[in-house]
Amino acid sequence: MHPTTDNRPALLLAMGPGVDARLFTEDHRARLAALTRTDPHLVAHDLTAPDARVAAALAEAELLLTCWGATPLTAEVLARAPRLRAVVHAAGSVKHHVTGACWDRGLRVTSAAAANALPVAEYTLAAILFAGKRVLRSARRYAELRDGRDLLAESADWGNHRRTVGIVGASRIGRRVIELLRPFDFEILLHDPYAQDPPPGVELTGLDELCARSSVVSVHAPQLPSTYRMIGAAQLAAMRDGATLINTSRGSLIDEPALLPHLVAGRLDAVLDVTDPEPPPPGSPLRTLPNVLLTPHVAGSLGNELHRLADQALEEVARYGRGEPFAEEVRAADLRHSA
């Protein structure tokens with residue numbers, strides 16, 4: 001730590017084992033040391049553990065910089081952090097570690113959810129464009145036929161020209177997907193019970209209507225009691241033959257037992273980055289169906305994309321040090337309708 005006469009805020013890193021090595025480059029650590037009074041290599045994996053160095057740093061910390069695997073900030077933990085004023089989360093949702101005690105204490109909270117939204121939206125854009133080109137089906141048929149010319153007879157309804165895409169959830173990610181879709185020739189529907197002002201050119205509809213009219217339905221709603229299995233039997237039955245369902249949100253938003261018969265019959269296609277449970281059981285048809293693209297929760301930030309999260313977190317630390325408001329402040333009321 002730097003001398004206590006230093007005016008920079010004291011900061012402690014708090015996240016799961018190994019997360020900091022993936023999140024920060026040495027340039028990030030150098031900037032962190034320049035912005036704050038911290039040991040950029042001291043990482044608290046468990047704020048409740050009997051570690052004298054962590055306990056001393058927590059007692060001095062004005063800021064916590066957290067990421068995946070951070071210890072829940074209970075009243076007991078906060079009691080050992082009398083100088084704590086703010087939590088900067090270098091990831092998306094803060095629900096896993098920011099507790100009611102944080103709001104009771106009046107802590108300021110910010111997250112890198114906006115930065116994390118971009119790779120999810122990029123994954124979704126790729127999935128939508130591939131869905132229109134029937135990539136899953138055409139790749140398999142090409143392998144069977146050995147001659148792409150034979151596929152021309154089957155491609156009359158393929159393509160992305162004036163397809164209707166339904167976006168479920170006007171979340172950060174949902175709206176980012178809509179932005180990425182603008183250069184393309186799509187009709188865009190949006191369902192969100194809390195949306196008052198849909199983006200220009202986007203039609204706000206009910207969920208059942210969206211499912212019935214869309215060639216692609218992409219789910220971007222938060223995981224809440226009210227959204228559990230919101231894409232259920234009625235919505236799945238309403239989807240048109242050959243439509244694609246994309247889920248990069250949470251597996252619990254889709255009624256998978258109701259979805260499976262449609263997939264097994266080949267009536268619908270699916271791109272699933274999340275499932276319920278996650279991962280699917282070893283014998284799940286989702287693992288082998290040719291019309292299902294199953295990925296292991298990779299739509300969000302990973303690899304070098306984690307550095308974008310670190311960049312945003314350090315920008316928020318810099319704002320705090322300058323006495324400015326956070327650019328991406330999270331408030332308790334926001335969490336009622338968000339992830």
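**Aromatic rings and a sheet**

Q: At 35% relative accessibility, does Phe-184 count as buried, partly exposed or exposed?
A: Phe-184 has a relative accessibility of 35%. Buried means under 20% relative accessible area, exposed means over 50%, and partly exposed lies in between (1.4 Å probe, protein chains only). Phe-184 therefore counts as partly exposed.

Q: How many aromatic pairs does the structure hold?
A: The model is predicted, so local features need pLDDT of at least 70 and side-chain atom pairs count only at pLDDT 80 or more, whereas totals for chains, interfaces and linings use all residues. Residues are numbered from 1 along each chain as its sequence is written, and side-chain values use heavy atoms, leaving out hydrogens and water. Rings of Phe, Tyr and Trp (its six-membered ring) pair if their centres lie within 6.5 Å. The number of aromatic pairs in this structure is 2.

Q: What kind of pair do the rings of Phe-184 and Phe-186 form?
A: Their centres are 6.3 Å apart and their planes stand at 50°. Planes under 30 degrees apart count as stacked, over 60 as edge-to-face and the rest as tilted. The pair of Phe-184 and Phe-186 is therefore tilted.

Q: What kind of pair do the rings of Tyr-320 and Phe-326 form?
A: The ring centres of Tyr-320 and Phe-326 lie 6.2 Å apart. Because their planes are at 25°, the pair is stacked.

Q: Is Tyr-320 buried or exposed?
A: The relative accessibility of Tyr-320 is 13%. Its ring partner, Phe-326, is buried with a relative accessible area of 7%. At its own value of 13%, Tyr-320 likewise counts as buried.

Q: Which residue has its charged end over the ring of Phe-326?
A: A charge sits over a ring if NZ of Lys or CZ of Arg is within 6 Å of the ring centre and within 35 degrees of the ring normal. The charged end over the ring of Phe-326 is 4.4 Å from the ring centre, and the residue is Arg-108.

Q: Which residue of S3 is the bridge partner of Leu-12?
A: Strand S1 (residues 11-14) and strand S3 (residues 63-66) run parallel and are joined by 4 bridges. In S3, the bridge partner of Leu-12 is Leu-64.

Methods: Pairing = 2+ DSSP bridges. Helix = DSSP H or I, 4+ residues; strand = E, 2+ residues; numbered from the N terminus.
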